[in-house]
Every structure is written in C-alpha cells, then in structure tokens.
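Subject: Structure handover

Hello,

Here is the structure I promised to pass on. Please open it beside this note as you read.

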Amino acid sequence: MCLAIPAEVTELLPDGMARVTLDGVGKIVSVALVEDVAVGDYVVIHVGYALTKIDPEEARHTLALLAELAVAPAEGAP
Amino acid sequence: MSPKAYRRRLDIKNGRVDLSHGSGGRAMAQLIADVFHEALDNEWLRQGNDQAAFDVGAGRMVMTTDGYVISPLFFPGGNIGSLAVHGTINDVAMAGARPLYLSASFIIEEGFAFADLKRIADSMGEAARAAGVPVVTGDTKVVERGKADGVFISTTGIGVVPVGLNLSAEKACPGDRVIVSGTLGDHGVAVMSKRQNLTFDTAIVSDSAALHELVATMVTAAGSGLRVMRDPTRGGLAATLNELAQQSKVGFRIDEDALPVKPEVAAACELLGLDPLYVANEGKLVAIVAPEAADAMLAAMRAHPLGRDAAVVGEVVADDHRFVQMTTAFGGGRIVDWLSGEQLPRIC
Amino acid sequence: MKYVDEYRDGRLARSLASSIARIADPGRSYHFMEFCGGHTHAISRYGIEDLLPANVRMIHGPGCPVCVLPVGRIDAAIALAERPEVTLCTYGDLMRVPGSHGTSLLRAKAAGADIRMVYSTLDAIGIAEAEPERQVVFFAIGFETTTPPTALAIRLAAQKKLSNFSVFCNHVLTPSAIQNILESPDVRTLGTVRIDGFIGPAHVSTVIGTEPYNFFAEEFAKPVVVSGFEPLDVMQAILMLIAQVNDGRHEVENQYVRAVTPGGNARAKAEVAEIFELRKSFEWRGLGVVPYSGLRLKETYAAFDAERRFGIDYVPARDNPACECGAILRGVKKPVDCKLFGTVCTPETPMGSCMVSAEGACAAHWTYGRFRDHARRKAS
C-alpha cells in the first residue's frame with residue numbers, strides 16, 4: 001500500500017496544507033505529518049499526505065553509486 | 001394590417017428545460033428552433049422536416065452510431081457537444097471514409113439549464129462547421145429529474161469510402177508497423193481533473209478533434225499499405241491493440257520508450273496511480289500499416305497539425321496467444337493486457 | 001519527474017543487471033522476498049525479472065493490505081454500506097475485492113448502497129462536513145504508510161466535533177507479518193519456502209524507520225535491505241542482498257536513503273500512537289490469526305470507532321476452497337500453481353484478493369507477466 005510519489009512544494013497553505021507540483025500538475029495535500037516543510041522541498045506524497053522529505057544529498061549519493069556501477073569493471077558490491 | 005406576431009424568446013440566461021419541452025408542443029418547437037436550429041443551422045434543418053434527404057453518390061457507404069454520456073459535461077478543451085461531433089466523425093473516418101452527415105438525438109434531464117444546453121449546441125455547431133460535416137437531423141426528448149445525467153447525446157454519422165479502400169480489423173499481419181498519431185492520455189486526464197473527488201490542477205486540455213482530414217492524407221500516402229485504423233477512446237491504446245490482436249489473430253510488440261506522452265499527463269497518471277496506456281483519447285488514432293508504406297505515411301501525418309507528434313510505437317508479430325507485449329523503458333518485458341473493470345485511481 | 005525518472009534509467013538498469021550477474025554465485029540460487037505490494041507491482045510492471053540472472057528469484061510476500069484483508073471484513077463493510085443512513089468512503093483499491101457470495105463494494109454500489117471512492121481521508125472528512133445528515137464511515141486499510149493519514153483524520157474529526165464521522169479500522173503492522181512468515185513451518189522447519197533475504201518496504205519504512213527490522217536480521221539471520229520504489233532502487237537492493245548473502249552477513253541496510261532514516265518519521269509515529277492501540281490478535285487472509293498485528297482505536301477515541309458505533313460483529317468467512325491466495329501470500333505457491341488462476345479466477349472475475357489488487361501476486365502476474373508461462377512451457 002505504498003504508492004507514493006515525490007513532488008515539489010510550491011506553496012504553503014494554512015491548516016497544515018500545501019500545494020505540491022509534479023511536472024506542472026498541482027495538488028493540494030496535507031503536510032501535517034512532516035516537520036519544517038518549506039517551499040522548494042520535495043516531499044513523498046501518499047493518499048493526499050506528505051510522509052517525509054526527500055533528502056537531496058542522499059538522492060545525489062544514490063545516483064552517484066548507481067552511476068559508479070555503470071563504469072565499474074571489477075567484482076564486488078558498492 | 002395584422003398585428004405583428006409576438007413570440008417570446010426563450011430565457012436562455014435563467015430558464016431551464018421542463019417536461020413541456022419534450023411533449024411535442026409549442027414549447028418543444030421553440031426549444032428546437034431557438035437552441036438547436038440556431039446553433040447547427042444548415043439547409044436541411046432549415047427545411048424543418050423530421051428527416052434529411054440527400055443524393056447518394058457512387059462508392060461504398062459507411063454508417064456509425066455513438067452515445068455520449070460523459071461526466072462532467074464541460075471539461076478543459078471541450079464539452080459533450082463538441083465531443084459528440086468529433087467522436088462520430090472519427091468513427092466514420094477510421095474506415096478511411098469521408099464523413100458526410102451527422103444526426104444527433106438529445107435526451108435532456110428536466111431542470112437542465114438552457115444556458116448549458118445552448119453552450120453545448122453552439123459547440124456542436126462550431127465543431128460541425130469547422131469539420132465541414134453538418135448535423136442534418138435530430139431528435140429531442142425530455143426525461144424526469146434524475147433519469148439522465150444532465151443530457152445524453154446519441155449520434156449517427158455516415159460517409160463514403162474511396163473506391164478500392166477496404167480497411168478492416170482483420171488485416172493486420174506480422175511485420176506491419178503500429179503508428180499512433182500523437183500524445184496519449186490527454187483527454188482522460190483533462191476530464192479526470194474536473195472530477196469531484198480527484199481534484200488536481202493541470203493545464204492539460206482534451207485532445208478532442210475531428211481526424212478526417214488527417215486520415216485523408218494518410219490514405220493518399222499509404223495507399224493499399226494501410227490495413228486498419230482505430231481511435232483509442234475508452235480503454236486507451238491498450239484496449240485498441242488487444243481488440244485488433246483478437247480480430248487479426250496476431251500479437252504486438254510495443255516499445256514503451258516510443259510512446260508519445262506529455263510530461264504533465266505522465267505526472268498526473270503517477271499521482272493517481274493510472275497507466276497512460278489505458279487512458280482515453282479523443283483526437284488520436286492508431287494505424288497499422290505495411291512496413292514499405294510506413295515512412296511515407298508517417299511523414300504525411302507529421303506534416304498535418306493533428307499528427308505532428310505521430311510516432312511508430314511497435315510492430316505486429318505472429319502470436320497464438322494474441323499478447324500485446326511491451327518492452328518497458330527500463331528494458332524488461334511485460335504485457336499490456338485488457339483493462340479489468342473500470343480504471344479506478346490506484347493508491348496501492 | 002524529478003527524483004523519479006533518474007531511478008528509471010534503462011541504461012543504468014543494464015549495467016546494474018551485469019553487476020548482479022557478476023556477483024551472483026552460479027553455484028547456488030538466491031530467493032528474496034519483497035514484502036511490499038508496491039515492490040511486487042514495480043517488479044512486474046517494469047519486467048525486472050527479465051534483467052535478473054536465472055538463479056536470482058523474487059518471492060512475492062503478503063505486503064498488500066488489500067490482499068490480506070479477510071473476507072469477513074469486506075462483508076462487514078458491505079453490511080455497513082447497506083445501512084440506509086451510512087455513506088461508506090473507501091480507497092479505489094477495495095471496490096472490486098470479492099466478499100462472500102460474489103458480493104463486492106462495487107456490486108453493492110450498483111445495487112444502491114451509498115459507497116464513495118475517495119483519494120484521501122481528508123475527502124471523507126469533507127463529505128462528513130458537507131452532509132451532516134449522513135453517517136460517514138471511512139473504510140481504513142493499510143500498513144504503516146497509510147495509518148498516519150487515518151490518525152490525522154480522526155484527530156481532525158475530534159477537533160471539529162464531527163459526530164457523523166467514524167472509521168472502520170483494518171490497519172495492520174509490517175513487522176508482525178514478517179515475523180509470522182519467518183516463524184511459519186514452511187520457512188523455519190520444513191524449508192518449503194527458502195527465503196535468503198528481504199527487500200524491505202519503501203514507504204512503510206519512511207514512517208517506521210529501519211530500526212524495527214534489526215530484530216529479524218538478528219533473530220532469523222536474514223539480511224534486510226530497505227528499497228525505494230523505482231526499478232533502479234529495487235535492482236540496487238537486490239545487488240546489496242546478494243552481496244550480504246555471499247559475505248554471510250545478515251544486516252539491515254538502507255538503499256532508500258533519500259527518504260528513509262533509522263528512526264523514521266517521529267511525528268507520524270506519535271500521531272498513530274495517540275489514536276490507536278494494538279489488538280491482541282487480528283485475522284489475516286492467508287496467514288490466519290496473527291497476534292499483535294492489527295490496530296484499533298483507543299478508548300478515548302471510541303466515538304469515532306465504527307465497530308463500536310454500529311456494533312459490528314465480525315464473522316470469519318471462508319475463502320473458496322480451491323483458492324490458493326493463502327499459500328501464495330506466504331510465498332509457498334506461485335499464481336500458476338493455483339487451479340483457479342486464469343480460468344475461473346481473472347481480474348474480471350476474481351475469486352480471491354490476490355487477483356483483485358493491482359499489487360496482488362496473481363493480478364501482477366496475470367496483468368504483466370503471464371506471457372512468460374507460455375515461453376516456459378514451450379522450453380520445458
């Protein structure tokens with residue numbers, strides 16, 4: 001039951017709500033479950049609620065690891 | 001000198017349809033005249049008959065019928081009226097035929113606002129004029145409140161097929177190319193954005209359009225290489241390909257990377273848990289064409305405003321199981337099966 | 001789509017696939033259970049199986065809350081919806097789940113019950129506010145990902161003093177299910193099901209963190225890698241699991257570092273703890289009765305508990321005897337092993353919940369993967 005998608009917070013609204021945008025599609029969701037949400041943050045949205053923020057540093061780290069695997073010739077896991 | 005005949009105009013702004021407008025009396029005549037005849041105006045309607053008469057030319061004729069029950073009635077990019085005109089013209093055009101005439105029958109719910117009815121009729125008129133295909137005859141009924149979702153529209157369209165052209169759903173053969181005329185899922189997403197419990201905002205508008213002129217260029221370019229065309233409406237591209245697989249007794253191999261989908265449509269589908277392959281289109285077609293004619297036909301499509309994003313998305317293969325197989329953008333394989341039930345937005 | 005498309009890159013997929021093939025020991029096979037239904041769906045939908053070597057196989061676990069909902073609970077929801085004063089709000093996923101005697105929410109709706117599909121619990125609250133004369137019941141299901149939204153809705157209903165809103169609670173817990181599988185005879189003693197490691201759920205873990213899995217890794221000596229949802233995430237997680245198995249390690253690793261932390265979402269956990277408490281036991285379709293695996297509303301929030309408000313009597317209902325959902329949910333059997341699969345039981349006419357939910361093993365296999373069965377049959 002985990003269908004969730006990352007979307008960008010584009011506007012903070014009263015009562016713990018916010019507008020998020022995904023490639024031009026906007027939706028109003030609750031951010032009451034996540035602390036310190038700011039415009040520009042990316043949050044994971046599930047059934048109309050933000051569950052957590054995406055950490056851009058960690059996201060970059062993961063992609064870097066994946067890219068490394070693309071060139072790594074030898075054996076071994078990351 | 002006789003006194004000037006006074007007939008009070010319908011109060012389009014505030015008035016509503018009531019049962020008297022369906023009873024065959026003066027009120028109905030006025031509704032038809034002030035709303036439908038005005039919007040759809042042409043020489044046949046002006047004759048005021050219950051039927052339209054016209055000469056039948058040479059060649060094979062095509063006839064199609066359709067029902068429109070869309071909700072909401074008004075959506076970004078159109079309404080039930082323009083949709084009815086485009087959809088019916090397209091059904092005729094999918095046979096490679098030149099659409100000639102349309103009929104339209106309205107079942108209107110008691111209490112429906114004249115203003116909305118006029119908007120719908122006006123849209124139909126505009127669409128019909130732009131396409132050069134008049135609505136030459138019609139019918140009006142009014143039913144009690146609650147028995148129709150605002151208005152239902154039923155149509156018939158007729159056209160004539162060029163001599164020698166014989167498109168059919170049984171004609172796809174292994175090696176043929178599958179071409180779509182443009183981006184997938186626009187209409188379904190546009191309509192869904194207006195549904196009550198799924199509100200999301202988007203700039204996506206319905207792709208509702210009459211395709212007969214695009215079809216004419218395709219028929220010329222592909223000649224006998226064109227096997228069959230179909231418009232992927234309800235059930236999307238998935239439904240169309242599965243239908244054709246069964247009817248032609250073949251399989252398909254589709255390349256997910258090749259499917260044209262607008263980023264916003266992809267995003268909306270992600271948010272709702274939908275697959276663009278199953279989302280309705282109202283201004284697109286799928287064409288199966290022999291490999292030697294594919295390039296020429298594709299070029300002709302891309303030269304037309306309604307085919308700018310046309311793309312080859314796959315090919316026909318021999319397959320006893322009639323599977324529509326797809327290579328995912330990720331590199332793995334999956335099938336694109338028939339839609340099960342209604343596509344409900346998924347959260348899982 | 002940012003943070004999505006990058007993790008679907010086909011090019012990177014191919015290099016990950018070679019890395020997996022390189023480190024997978026050809027002398028043995030690897031069996032990993034993905035617990036989360038979302039992973040089951042992603043694996044099928046992207047055809048990830050095609051990119052794995054033949055000796056690395058995925059077992060679909062019971063992480064689909066629709067699939068594990070017992071028939072009796074669907075029957076209870078339908079009975080609720082059939083009360084004239086009740087408006088039952090539900091997620092779309094539940095509409096076609098078969099109850100007893102060929103019923104379903106969709107059929108009940110067609111017969112006149114006021115059942116409304118909602119995208120969010122907030123929609124249900126909105127309906128309760130807009131229609132004060134209706135008794136609005138929200139049919140709550142889901143693992144830890146979906147529980148905080150229900151908790152928030154109940155808190156909101158309490159704040160707004162909505163006397164016409166209640167929740168029919170069927171929330172369940174992930175660690176309990178994993179434990180149940182690991183302790184089952186099939187796994188622990190009989191060895192019918194070989195599980196070498198787990199792919200930990202993506203968004204359940206954003207809420208509960210990675211800490212709860214430490215127990216399984218230690219107690220049962222199985223590696224757990226928490227994985228994101230996108231296909232590259234899943235493949236990277238498989239790579240990490242193979243490495244652990246090869247090294248003889250059984251640790252909890254986190255592949256989904258961009259969204260999951262060891263402690264999870266403290267605020268979400270607090271919201272849930274405020275509203276819900278553990279049931280002593282709860283019946284899971286396919287797993288039977290599992291202790292301390294389900295949640296119910298605390299006494300303080302009893303006013304919003306539909307079971308108390310409407311006096312719902314839970315009547316366990318039997319599954320179709322030929323239906324293998326139970327065995328399939330535990331990974332003991334595959335969809336093709338079920339006599340009903342593809343004949344009597346299809347997405348149009350589902351006999352059991354594995355076929356109804358898009359992430360159920362049977363539905364996923366039918367919808368995306370059954371073309372491989374014919375190829376396999378031809379080959380053998």
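Below is what was found in it, chain by chain and then across the contacts.

First, the ground rules. This is a predicted model, in which local features need pLDDT of at least 70 and side-chain atom pairs count only at pLDDT 80 or more, while totals for chains, interfaces and linings use all residues. Residues are numbered from 1 along each chain as its sequence is written, and chains are lettered from A and ligands numbered from 1 in the order in which they are written.

**Chain C**

Chain C holds 17 helices and 13 strands. Helices (H or I, at least four residues) and strands (E, at least two) are DSSP runs, numbered from the N terminus. The C-alpha atoms of chain C fill a box of roughly 65 × 45 × 45 Å along the principal axes. The radius of gyration of chain C is 21 Å, which agrees with the value near 21 Å for a compact globule of 380 residues. That radius is taken over C-alpha atoms, and the globule rule is 2.2 Å times the number of residues to the power 0.38.

Of the 380 residues in chain C, 57% are buried. Buried means that 20 or more other C-beta atoms lie within 10 Å of the residue's own, with C-beta atoms placed from the backbone; exposed means 12 or fewer, and partly exposed is in between. Among contacts in chain C with a separation of 6 or more, 76% join residues 24 or more positions apart. A contact needs the two C-beta atoms, placed from the backbone, within 7 Å.

**Chain B**

Chain B has nine helices and 13 strands. Its radius of gyration is 22 Å, close to the 20 Å that the globule rule gives for 348 residues, so chain B is as compact as a globular protein of that length. The box filled by its C-alpha atoms is roughly 80 × 55 × 35 Å along the principal axes. Buried residues are 50% of the 348 in chain B.

Chain B is divided into domain 1 (19-161) and domain 2 (177-335). These bounds come from an automatic or database domain assignment. The centres of the two domains of chain B, taken over C-alpha atoms, are 27 Å apart. Their contact takes 19 residues from domain 1 of chain B and 20 residues from domain 2 of chain B. On the domain 1 side, helix 3 (80-93), strand 4 (98-109) and helix 4 (114-131) of chain B each supply at least two residues. Helix 3 of chain B gives the most, with seven residues.

Now look at helix 6 (residues 212-222) of chain B. Its buried residues include B:Leu214, B:Val215, B:Met218 and B:Val219. The buried residues of this helix pack against helix 3, strand 4 and helix 4 of chain B, among others. B:Gly223 follows helix 6 of chain B and has a positive phi, near 55°.

**Chain A**

Strand 1 (residues 5-13) of chain A runs antiparallel to strand 4 (residues 42-46) of chain A, joined by four bridges. Here A:Ile5 has A:Ile45 as its bridge partner. Strand 1 of chain A also pairs with strand 2 (residues 17-22) of chain A, antiparallel, over five bridges. Pairing requires at least two DSSP bridges between the strands. A:Glu8 is partnered by A:Thr21 in strand 2 of chain A. Strands 1 and 2 of chain A form a hairpin with three residues between them, and A:Asp15 in the turn has a positive phi of about 60°.

**Between the chains**

Chain C puts 44 residues in contact with 32 residues of chain A. Helix 1 of chain C gives the most to the chain C side, with six residues. That side divides into 26 nonpolar, twelve polar and six charged residues. Nonpolar covers Ala, Val, Leu, Ile, Met, Phe, Trp, Tyr, Cys and Pro; charged covers Asp, Glu, Lys and Arg; the others, Gly among them, are polar.

The contact between chains B and C takes 23 residues from chain B and 38 residues from chain C. Strand 13 of chain B provides the largest share of the chain B side, three residues.

**The core**

The largest nonpolar core has 262 residues, and B:Met124, B:Val151 and C:Ile238 have the most contacts inside it. Such a core is a set of buried Ala, Val, Leu, Ile, Met, Phe, Trp, Tyr and Cys residues joined through C-beta atoms within 7 Å. Helix 11 of chain C gives the most to this core, with eleven residues.

Best wishes
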